[in-house]
Amino acid sequence: MRTLREIAVGQTVTVVKIEVTGAMKRRIMDMGITKGTDIFVRKIAPLGDPIELKVRDYELFLRKEDAEKILVE
Amino acid sequence: MITVLALVGNPNCGKTTMFNNLTGSDQYVGNWPGVTVAKKGGMLLNHPDCEVVDLPGIYSLSPYTLEEVVTRDFLVYEHPSVIINIVDASNLERNLYLTTQLLELEIPVVLALNMMDVVEANGDEIDIERLSRELKCMVVPIAAINGYGLGELINVALAVAKEKSTNQGLPIFSDTEEISVRGIERLLPDRESTQLKRWLAIKIFERDNKVIEQIKISNNLLERMNALRRRCEVAEDDDAESIVINARYRYITNTLRSCIKKKLKTGELSASDKIDSIVTNRLLAFPIFFFIMWAVYYIAIQTLGSMSVNGMEKIFGTFSDYLTQLMELGGVSLTIQSLVVNGVVGGVGAVLGFVPQITILFVFLSFLEDCGYMSRAAFIMDRAFRQFGLSGKSFIPMLVGTGCSVPGIMATMTIENEKDRRLTIMLTPFIPCSAKMPVFVLFAASLFPDKSWVGPSMYFWGIIMVVVSGIILKRTAPFAGETAPFVMEMPAYHMPGLKTVLKHTWEQVKSFILKAGTIVFAASVLVWFLQSFNTSLDLVSPTESMLANIGQFLAPVFVPQGFGNWQAAFAALTGFLAKEAIVSTFAILAGSGGDAGSKADLVLKLQSMFTPASAYAFMIFTLLAAPCCAAVGAIRSEMGSWKWTFFAVGYQTGVAYILAAIIYQVGSIIQ
């Protein structure tokens, strides 16, 4: 199991666990990143952070420090 | 009785376009009571007994963000006649997540499937009848951009509102989950209706503390409800909040499988992806970003903008001359003449002269916002902004702040984290706004005629002070803590509708005229009054006026900055009323008998009053000190407290005072 942060651009992974709590967890999950969801890592911002993802057929971005708390396989 | 239609949907789902198409010119824009979230409403076209309320764009009805709480409270307590839930049909999965929550309320819902044109262009097919059957609510396909389907939507919505038939919540839960939720439902007191009980039960199950506090049930009952929740949490090895979210998305995924036929993706990139492969490209992102910013600036502030300002000045100049002649013919006294020409017309001119420039700027900013570029800007700038404790979202207020701090401060609304929001509100006025420009231009032309770097260097100082303040303040107690959670959607690019851009611009310009205009006008009349009369209310020359007295009293304060004379002190004070008023104050001082002097007089006057070092210090002070009172008003309304407003203004003025002193002292040595 790895964290979303470690996934290379162009790979698709599945969410196993979200280790964030409170409002941030709710926010991430409200946006459709739930257990079992496929995530495609599309791009890394020019300065190296945040990362752009494709989830449930739309695009969003989040910071590496938050991506680190999303376990995937 | 008035029928109220509530528009609810995700951000970027086309809600605003639809609102503009549904309502006439009688729209009102205000704030929800007690909070700074915008409230918009208007009467439905051709239906004088129907009101449309545009609720904030939200992803969920969670209790965590202000927008979501406002929407929820409106729906639950104000009870609109019908909810029109606008969903982006090209992005159904995430959009329907909110729908599953809306269907649990006691209000009839009509689903408006927007952007059907995009769906068709993609080659996808949606089985609308089947979707309607599965969700047990009416579904109407529309395209808000060209008005397709809107008539049908209104007919359906009004019919549903009349029937008052509420929806049934969807069967989102698994058996284990359902047992717990139904258990909680049974424990609820009977005073609530069946539908509301179901909603409350789900909220209690997912530990929604806002709801739990409001319903006031006994501890004994609460304990039993907790036990029911715990049983489910243990069985699924997850917390209840996550269980509910998972259940909703699970239900949507299963439902859509039978309702939507996606064209097989061959791995080709969409138009939006192609644009992004250039716009957010590793190498090209920043050149493109800076080019766009430069282009906006060049057109809105420099060329077209300054042309429009000059044009307005000419119009008001001619008008003043005409009025003077007219009043001389009519034998009007000199005092009244002076009041009308210098006070009233000058004041109105100061407000309106600014409007064309602001309008052009807002057309550009609305366009960038609506087409989807602003979220890309946040994406590429986030890392840089985070270095000093802000998020990529802080960029937008600061960019808008280059035009005017008032809308810039208002744009901080989109920042969820309160600490980051406050910090952004405090620092946005450091960015030189377009009203400060005339001051810099005048000083640069008068005292640094052959040093072209002087004017632009104000941007450098503004940005440096934002960065330094961010780093320092982030280490102090009121701002320390976690950086903002930062999850942001990147909507597909689209061409904004002309009407939407113009409406958006008009709203901003109107609020500028109302909020800033009245203050600038009052300030102009006040300045005229103070510089025309002495304390015994005799008409005198400015050097003997009340203005001179106040300036003399304040002057010693600015000795360390090198402009300890009453004219500069008073000009700085008028800068608090409106930054561009500094120029007119100096113009009046350079003239005689209360009339503004010529441009050449003004330059000579400034050269006699300032050395290059003290002039530069004065520019720095103008840049950083408390913004104009209109901006202070905006700070007050966004901070929501006077304590924070005074803190912000005090901090800004303190920084300005200290930095201007350092610049003058160091500058005098170098000189």
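Modeller: The side chain of A:Lys35 makes a polar contact with the side chain of B:Asp238, at 3.4 Å. A polar contact here is a pair of N or O atoms within 3.5 Å; within protein, one must be able to donate a hydrogen and the other to accept it, and residues adjacent in sequence count only if both atoms are side-chain atoms. The model is predicted, so local features need pLDDT of at least 70 and side-chain atom pairs count only at pLDDT 80 or more, while totals for chains, interfaces and linings use all residues. Residues are numbered from 1 along each chain as its sequence is written, chains are lettered from A and ligands numbered from 1 in the order in which they are written, and side-chain values use heavy atoms, with hydrogens and water left out.

A:Lys35 sits in the loop between helix H1 (22-30) and strand S3 (38-44) of chain A. Helices (H or I, at least four residues) and strands (E, at least two) are DSSP runs, numbered from the N terminus. With a relative accessible area of 45%, A:Lys35 is partly exposed; buried means under 20%, exposed over 50%, and partly exposed in between (1.4 Å probe, protein chains only). Apart from neighbours within four places in sequence, A:Lys35 is in contact (heavy atoms within 4.5 Å) with A:Val15, A:Val16, B:Asp238 and B:Asn246. A:Thr12 lies 23 residues from A:Lys35 in sequence, and their C-alpha atoms are 14 Å apart.

Helix H1 of chain A also takes part in a link to chain B. There, A:Arg26 and B:Glu206 meet through their side chains in a salt bridge of 3.8 Å, N to O. Since A:Arg26 lies in helix H1 of chain A and B:Glu206 in the loop between helix H8 (194-205) and helix H9 (209-215) of chain B, the pair joins two chains. The rule for a salt bridge is a side-chain nitrogen of Lys or Arg within 4 Å of a carboxyl oxygen of Asp or Glu. B:Glu206 counts as buried at 3% relative accessibility, and A:Arg26 counts as buried at 3%. A network of salt bridges links A:Arg26, A:Asp30, B:Lys203, B:Glu206 and B:Glu241. Over all chains the count comes to 29 salt bridges.

A:Arg42 forms a salt bridge with A:Glu59, with 3.4 Å between the closest N and O atoms. A:Arg42 is in strand S3 and A:Glu59 in strand S5 of chain A, so the pair ties together parts that are 17 residues apart in sequence. A:Arg42 is buried at 19% relative accessibility, as is A:Glu59 at 8%.

Both strands belong to an open sheet of 7 strands, in the order S1(A)-S6(A)-S2(A)-S3(A)-S4(A)-S5(A)-S10(B), with antiparallel pairing. The edge strands, each pairing on one side only, are S1 (2-3) of chain A and S10 (487-489) of chain B. Two strands pair if DSSP finds at least two bridges between them. Strands S4 (residues 51-55) and S5 (residues 58-62) of chain A run antiparallel and are joined by 5 bridges. A:Leu53 has A:Leu60 as its bridge partner in S5(A).

Strand S1 (residues 3-9) of chain B is largely enclosed by the rest of the structure, because 7 of its 7 residues are buried. B:Thr3, B:Leu5, B:Leu7 and B:Gly9 point one way from S1(B), and B:Val4, B:Ala6 and B:Val8 point the other way. In a regular strand the side chains alternate between the two faces of the sheet. S1(B) pairs in the parallel sense with strand S4 (residues 50-54) of chain B over 5 bridges, where B:Ala6 has B:Val53 as its bridge partner. S1(B) also runs parallel to strand S5 (residues 82-88) of chain B, again joined by 5 bridges, and the partner of B:Gly9 in S5(B) is B:Ile86.

Chain B also holds a salt bridge between B:Arg376 and B:Asp276, whose closest N and O atoms are 3.0 Å apart. B:Arg376 lies in helix H16 (residues 373-386) and B:Asp276 in helix H12 (residues 271-279) of chain B, so the pair ties together parts that are 100 residues apart in sequence. B:Arg376 is buried at 1% relative accessibility, and B:Asp276 is buried at 3%.
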